[in-house]
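The following exercises are to be worked through with the sequence and the structure at hand. Each task is followed by a solution in steps.

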Amino acid sequence: MCYAIPGKVTRINKKIISVDYFGEERKARNDFYRLKKGDYVYAQGGFIVSRISEKEAKATLDTWQELFFKLKERDLRFSEKSGNLRKAANRLRQKKSGNSCCVHGIIEFSNYCRNDCLYCGLRHSNCSLTRYRMMPGEIVDLANFSIDKLKFKALVLQSGEDTWYTEEKLVKVVKGIFKRNPALLILSIGERNFKIYERLYRAGARAALLRFETSNEALYRKMRPGHSLKERLELIKKLRKLGYLIMTGFLIGLPGENNKDLLNDIKLTASLKTDMFSFGPFIPHPKTPLGNEPLPSLDKSLDTIARARLMNPEAKILVTTALEALGKNKGLKLGLLSGGNSLMVNVTPDKYKRFYDLYPDHSGVGLDLKKKIDATLKLLYSLGRAPVDLGL
Ligand code: SF4
């Protein structure tokens, strides 16, 4: 199991580090280490997450050497095909970013939410949902296990907008993980106070996943009662200015949206200078006001990934698990073949995951974690993708 390949530092320009991976160079930001040329590092999302010894790096690189070049050839074969929108997007992805693919772990630590988004199964008004909260120490232990034993180098800490987690509790979590196991910690905790984000940044968090869901202001107000798109975007911009890597995006097929909206959604994501596009299909949840609305087609979702790639050749584009729900277990593969180059693996324990009910079939309950991780790696290798950092 391995979700990252170490690289060798070849150039240092203040905080921007050039890292070599088997002859390919990527740039990454370094906030935490005193580095010199020749050091070995792991990077994720364009960020240096750890420095390792030459001995450890060479042992890992030796095991990768042969496979790495085989994967490159395989990816090239897949992306040589052209003809339609998705194939063109896949080809462009290969040309601009090679076969690199980020794999992040995700921990869903609380399904409480104070908001009432019309499309979401975690909405406050869904009284039929069993709610849970993981205690701060439990989150820290699971995160450390995921980084230390499962070897994730990037971890999303996700919850509904749950104010039970005070600034102090969240800082304790981030510090507890970061001190023991440096990794790219990605916060997905909603519209919390900016000061909380500031403290979490100082504690070691370096990325925020905060989707705006739709660029259509009227639709946004309807879908997210009591909230405004302007406030959301302002928070995203402030987080970016502070130094957070930004992962953002939208829902495909929200009731009331039109094709022009989707195009604007892609443009808005890019205009925020996002470090990673994150968008997925709207999947109606029976316990929400939109429960009887139609699903968008798989084709529409894949074409949106392809359009986003063609409009943003060098973007990191996450293929979300919602696509898997829509694509009957082929969604991830098809998403990667439509221009996607990033994935997430859910490491939340079953006893909680079953209640993180964003949309039907979200949880993947009952799937053994090891088998799921192996299946993800198998999928990547079958498409010729390697877990090399995509760089800045
Ligand atoms: S989308 Fe997020 S903020 Fe809205 S109800 Fe769901 S968890 Fe809460």
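**Exercise 1.** Which residue in β5 stands opposite Val-41?

*Solution.* The model under study is a predicted one. Begin with the two strands: β4 covers residues 40-44 and β5 covers residues 47-52. They pair in the antiparallel sense, over 5 bridges. Within this pairing, Arg-51 in β5 is the residue that stands opposite Val-41.

**Exercise 2.** Determine how α8 and α9 are oriented to each other.

*Solution.* Two packed helices are described by the angle between their axes and the distance between the axes. Here, α8 comprises residues 259-271 and α9 comprises residues 298-311. Their axes come within 10 Å and cross at roughly 45°. An angle between 35 and 65 degrees counts as oblique, and therefore α8 and α9 are oblique to each other. The crossing of α8 past α9 is right-handed.

**Exercise 3.** Which residues of α8 and α9 meet?

*Solution.* On the side of α8, the residues are Leu-262, Ile-266 and Ala-270. On the side of α9, they meet Thr-304, Arg-307, Ala-308 and Met-311. Sorted by class, this contact has 5 nonpolar, 1 polar and 1 charged residues.

**Exercise 4.** Which residues surround the ligand?

*Solution.* The surrounding residues include Cys-113, Cys-117 and Cys-120, together with Arg-123 and Glu-161. Asn-115, Leu-122, Gly-160 and Gly-190 also belong to the shell. By class, the shell divides into 4 nonpolar, 3 polar and 2 charged residues.

Note on methods. Residues numbered from 1 in each chain as written. Predicted model: local features only at pLDDT ≥ 70, side-chain atom pairs only at ≥ 80, totals over all residues. Axes fitted to C-alpha atoms, helices over the stretch in contact; angles between N-to-C directions. Helix = DSSP H or I, 4+ residues; strand = E, 2+ residues; numbered from the N terminus. Parallel < 35°, antiparallel > 145°, perpendicular 65-115°, else oblique. Left-handed = near helix turned anticlockwise from the far one by under 90°. Contact = placed C-beta atoms within 7 Å. Nonpolar A, V, L, I, M, F, W, Y, C, P; charged D, E, K, R; others polar. Pairing = 2+ DSSP bridges. Near = placed C-beta within 6 Å.
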